[in-house]
Amino acid sequence: MGRMVKIGTISRILHLQPIPRREYVELCENMLEQAGKAGCDLVLLPEHFDSFGAAELEGTQQNLYLEGTDYSQVRRRIAEPIPGPLTKSLGALAARYRMYVVANYTELDGSKMYNTAVVIDRQGQVAGKYRKTHLCANEKRCFGISAGDELPVFHLDFGVVGIAICMDIYFPEVFRVLTLKGAEMILWPHQTYGPSEE
């Protein structure tokens, strides 16, 4: 990376009471506006930025460790294709402020769902995506998420970037592969909280 790069990150926000998913999206869009006005080159949103604690998923944190728990239809109702409505609204902000946006949410691709981080470029277009390769047990079993099988890097105008999502951090091979592919920076959207933050 040959020049200074200004990066913004938005922390995971969990309200005491669930709020509609659209409110989460609007909250993050407002923060993207602030980041754009501050001159950020890239802004990273947290894992499932649009839905963690959303009213549409109320109750899905119960019984996650019980065999047979199935919240896949609940997750499917909020999943979106890429490109889709979220990439369109986030892309408009990216283009307005000439910044990259990396957003993580549930992607719907045919009958499958993925935990996906999408890279939106400075023109507001989808530049690529990374599908989480190392799922938490309940993502597959309870929410019906499929694992990705690629570790791409993204050639942005200031350097090469890789992405790892949440649980991926426990697998050093992910970072070794991304580095061997030329990644100079690795972004890590996550929902991690509690002792594992250390």
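This is a predicted model. The second largest pocket holds about 160 Å³ of space. Its lining has 13 residues, and those closest to the centre are Ile 10, Ser 11, Arg 12, Pro 46 and His 190. By class, the lining splits into six nonpolar, five polar and two charged residues.

Next, strand β4. It spans residues 112-120, and eight of its nine residues are buried. The table lists its pairings.

| Partner of β4 | Residues | Direction | Bridges |
|---|---|---|---|
| β3 | 100-109 | antiparallel | nine bridges |
| β5 | 126-131 | antiparallel | five bridges |
| β6 | 145-146 | parallel | two bridges |

Thr 106 pairs with Asn 115 in β4. Tyr 114 has Ser 146 of β6 as its bridge partner. Ile 120 is bridged to Val 126 in β5.

Two hairpins involve β4. Between β3 and β4 lie two residues, and Gly 110 in that turn has a positive phi of about 65 degrees. Between β4 and β5 lie five residues, and Gly 124 in the turn has a positive phi of about 85 degrees.

Last, the cysteines. How many disulfides does a search of the whole structure find? It finds zero. Cys 166 is in no disulfide either; the sulfur of Cys 136 is the nearest, at 5.2 Å. A disulfide needs the two sulfur atoms within 2.5 Å. Cys 40 is buried, with a relative accessible area of 8%. Cys 166 is buried too, at 11% relative accessibility.

Terms used: Residues numbered from 1 in each chain as written. Predicted model: local features only at pLDDT ≥ 70, side-chain atom pairs only at ≥ 80, totals over all residues. Heavy atoms only, no water. Buried < 20%, exposed > 50% of the residue type's maximum accessible area, 1.4 Å probe, protein only. 1 Å grid on protein atoms, 1.4 Å probe; cavity = no way out; pocket = protein on both sides within 12 Å on 5 of 7 lines; lining within 4 Å. Points joined across faces, edges and corners; volume = space filled by probe spheres on them. Nonpolar A, V, L, I, M, F, W, Y, C, P; charged D, E, K, R; others polar. Helix = DSSP H or I, 4+ residues; strand = E, 2+ residues; numbered from the N terminus. Pairing = 2+ DSSP bridges.
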